Amino acid sequence: MSVLIDDELLMFLPAARRRARQAVPVDGTSTLGHVVESLGVPLPEIGPLTVNGEPAGPGHLPAAGDEVRVAAVPRPQPVPLEPGQLAPRFLLDVHLGTLARRLRLLGLDTAYHNDMDDPALVVQANEERRVLLTQDRGLLRRRALWFGAYVRGSRPDDQLRDLLERFAPELAPWTRCTACNGVLVAVDKEEIERELADGTRRSYDVYGRCADCGQVYWRGAHGDHLERIVERAAQVVAAARPGGAGTGAEAGNVPSGDLPAAPEGAVS
């Protein structure tokens with residue numbers, strides 16, 4: 001059997017076998033999904049499969065002489081949403097803390113733990129219908145996982161762009177706590193004056209508070225940096241959607257005045 005792998009997926013193959021065309025023996029019992037995973041590509045990263053030019057599923061049993069083509073996941077990739085849900089919910093593993101804070105800055109429901117093991121991550125992702133984001137290929141191979149995605153890139157900027165291009169989610173910037181993922185609500189300055197440093201109290205009048213953890217937010221000196229992150233994110237999402245146009249917080253229509261930005265150090 002000959003297997004032709006999309007160039008985008010070659011990164012998952014061992015360096016010694018990192019070539020598009022692979023000759024694979026057929027044992028009569030291994031499914032197509034098992035064969036592709038045995039080459040190194042996790043199932044959640046596999047897009048359309050064809051055998052001899054015809055569509056096939058991961059459960060297909062290949063035969064000797066078959067010509068198999070393995071495509072990458074199409075972008076933007078749809079995610080099953082519940083009624084009233086506008087964007088996917090995410091769960092990030094321990095190594096993606098900065099990415100988690102940036103997704104929350106964009107208003108995406110993002111769970112993150114720095115002390116949760118792989119089985120617990122899978123349980124939470126399944127129970128809460130969250131897309132599990134990771135750079136652990138073994139984690140993506142867990143059969144029980146309902147939906148996972150490999151995060152490309154080593155820098156937070158690149159990781160964020162990869163996720164936005166892959167899912168093109170609806171954004172709601174400045175609406176979530178970057179520390180705990182709670183929802184931000186506007187709060188009168190008079191209610192929180194005692195919690196503010198003198199300089200902050202004198203300089204700012206618009207504040208928000210996390211409804212869950214109580215963290216207070218205001219548009220501080222680093223607000224311009226965060227606005228640039230939000231604006232770039234909106235542009236990426238708009239470009240990623242069919243026709244290159246998006247809805248919601250797309251380029252040129254990014255909310256910036258309704259809620260304050262995160263306090264210094266909340267997003268890096």
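1. Buried here means under 20% relative accessible area. A168 has a relative accessible area of 9%, so A168 is buried. A168 is found in the loop between α5 and β10 (184–187), and its phi is near 40°, a positive value in a residue other than glycine. Most residues other than glycine have a negative phi.

2. The model is predicted, which should be kept in mind for the points that follow. The chain has 268 residues, and 48% of them count as buried. It contains 8 helices and 12 strands. Taken along the principal axes, the box filled by the C-alpha atoms is roughly 75 × 40 × 40 Å. Among contacts between residues at least 6 apart in sequence, 58% join residues at least 24 apart.

3. Helix α1 (residues 32–39) is mostly covered, with 6 of its 8 residues buried. The buried positions are L32, G33, V35, V36, E37 and L39. They pack against five strands listed here by number: β1 (2–5), β2 (21–23), β3 (46–51), β4 (54–56) and β5 (67–72). Just after α1 comes G40, which takes a positive phi of about 125°.

4. N52 also deserves a look at its backbone. Its phi is near 55°, a positive value in a residue other than glycine. N52 is found in the loop between β3 and β4. With a relative accessible area of 47%, N52 is partly exposed, whereas A168, with its positive phi near 40°, is buried at 9%.

5. The peptide bond from R75 to P76 is cis, with omega near -5°. Most peptide bonds are trans. P76 is found in the loop between β5 and β6. The C-alpha atom of P76 is separated by 4.8 Å from that of R166, although the two residues are 90 apart along the chain. Both R75 and P76 are in contact with R166.

6. R166 lies in helix α5 (residues 156–167). Is R166 buried or exposed? R166 counts as buried, because its relative accessibility is 1%. Leaving aside neighbours within four places in sequence, the residues in contact with R166 are P44, E45, V73, R75, P76, Q77, G148, A149, Y150 and R152. A polar atom of the R166 side chain lies 3.2 Å from the backbone oxygen of P44.

7. R89 is another buried arginine, with a relative accessible area of 17%. R89 lies in strand β6 (residues 89–92). Not counting residues up to four places away in sequence, R89 touches E82, D109, E128, R129, R130 and V131. A polar atom of its side chain lies 3.2 Å from the backbone oxygen of E128.

8. Two arginines sit over tryptophan rings. R129, one of the residues that R89 touches, lies over the face of W146 at 3.8 Å from the ring centre. The charged end of R219 sits over the ring of W174, 4.6 Å from its centre.

9. The structure holds 5 aromatic pairs. Ring pairs link F90, W146, F147 and F167 into a cluster. W146 of this cluster is the ring that has R129 over its face.

10. How many disulfides does the model hold? The count comes to 0, since a disulfide requires a pair of cysteine sulfur atoms within 2.5 Å. The sulfur of C177 is 3.8 Å from the closest cysteine sulfur, in C213, and is therefore too far for a bond. The sulfur of C180 has its closest cysteine sulfur in C210, at 3.4 Å, so that pair is also too far for a bond. C177 is buried, with a relative accessible area of 0%, whereas C180 is partly exposed at 31%.

Definitions and conventions: Residues numbered from 1 in each chain as written. Predicted model: local features only at pLDDT ≥ 70, side-chain atom pairs only at ≥ 80, totals over all residues. Heavy atoms only, no water. Buried < 20%, exposed > 50% of the residue type's maximum accessible area, 1.4 Å probe, protein only. Phe/Tyr/Trp six-rings, centres within 6.5 Å; stacked < 30°, edge-to-face > 60°. Lys NZ or Arg CZ within 6 Å of the ring centre and 35° of its normal. Helix = DSSP H or I, 4+ residues; strand = E, 2+ residues; numbered from the N terminus. Contact = heavy atoms within 4.5 Å. Polar contact = N/O pair within 3.5 Å; in protein donor to acceptor, adjacent residues only side chain to side chain.
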